[in-house]
Amino acid sequence: MIVAAGVGGSIHVVDGTGVPQRTIPVSASGLTSMRVSPSGRLVATSSVDGDLTLWDPRTGARLRTAHVPGIDDLFFTSSERVLVTWMVATEDAPPAVRAF
């Protein structure tokens, strides 16, 4: 399975041969980051409007959403039990790393 972020705030899932499986509309405001878990069972997205969401790429189901504005990147730990987010420093705030 291959998962890719698309223009317009969607993620696209294709099988190993390149055949499209589904398009998941994530955010009309656009994505700031997307990461697939090491096992491929989860996809995490962050959006311009501040939503941090976990998805099941096999079904397209939204599993969990939290409002966490300002995420620039995100990473799964190898156990997939922790999602780490990174926010770049701004004039008003220092850089921040959070774990969920």
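**Entry 1. Terms and model.** I take buried to mean under 20% relative accessible area, exposed to mean over 50%, and partly exposed to mean in between (1.4 Å probe, protein chains only). By that rule I record E80 as buried, with a relative accessible area of 13%. The model is predicted, so I note that local features need pLDDT of at least 70 and side-chain atom pairs count only at pLDDT 80 or more, while totals for chains, interfaces and linings use all residues. Residues are numbered from 1 along each chain as its sequence is written, and side-chain values use heavy atoms, with hydrogens and water left out.

**Entry 2. Salt bridges.** I looked up salt bridges, defined as a side-chain nitrogen of Lys or Arg within 4 Å of a carboxyl oxygen of Asp or Glu. The count by this rule is three.

I began with D73 and R35, whose closest N and O atoms are 2.8 Å apart. D73 is partly exposed at 22% relative accessible area, and R35 is partly exposed at 29%.

I then looked up R41 and E80, whose side chains meet in a salt bridge at 3.5 Å, N to O. This pair also links distant parts of the chain: R41 is in the loop between β4 and β5 (43-47), E80 is in the loop between β8 and β9 (83-87), and they are 39 residues apart. R41 is partly exposed, with a relative accessible area of 47%, whereas E80 is buried.

The remaining entry is R58 with D56, a salt bridge of 3.3 Å, N to O. R58 counts as partly exposed at 47% relative accessibility, and D56 is buried at 12%.

Entry 3. I count two strands as paired if DSSP finds at least two bridges between them. An open sheet of three strands runs in the order β1-β2-β3, with antiparallel pairing. β1 and β3 (20-25) stand at the edges, each with a single partner strand, so one side of each is left without a neighbour in the sheet. The twist from one strand to the next averages 20°; axes are lines fitted to C-alpha atoms (for helices, over the stretch in contact), and angles run from 0 to 180 degrees between N-to-C directions.

Strand β1 (residues 2-6) pairs with strand β2 (residues 10-14) over five bridges. I located G6 and found its bridge partner in β2 to be S10. The two strands form a hairpin with three residues between them, and G8 in the turn has a positive phi of about 90°.

**Entry 4. The four-stranded sheet.** A further open sheet has four strands in the order β4-β5-β6-β7, with antiparallel pairing. Its edge strands are β4 and β7, each pairing on one side only. Neighbouring strands here are turned by 15° against each other on average, direction ignored.

I followed β4 into β5: the two run antiparallel and are joined by five bridges, with L31 standing opposite S47 in β5. Their hairpin has six residues between the strands, and G40 in the turn has a positive phi of about 85°.

**Entry 5. The largest pocket.** I looked up the largest pocket, for which the volume is about 210 Å³. Its lining has 13 residues, and L52, L54, R64, L83 and F100 lie nearest its centre. β6 (51-56) and β7 (61-67) each supply at least two residues of the lining. By class, I record eight nonpolar, two polar and three charged residues in the lining.

For reference, a pocket is an open set of points on a 1 Å grid over the protein atoms alone, where a 1.4 Å probe fits, with protein on both sides within 12 Å along at least five of seven lines; lining residues have an atom within 4 Å of a point. The volume is the space filled by probe spheres set on the points. Ala, Val, Leu, Ile, Met, Phe, Trp, Tyr, Cys and Pro count as nonpolar, Asp, Glu, Lys and Arg as charged, and the others as polar.
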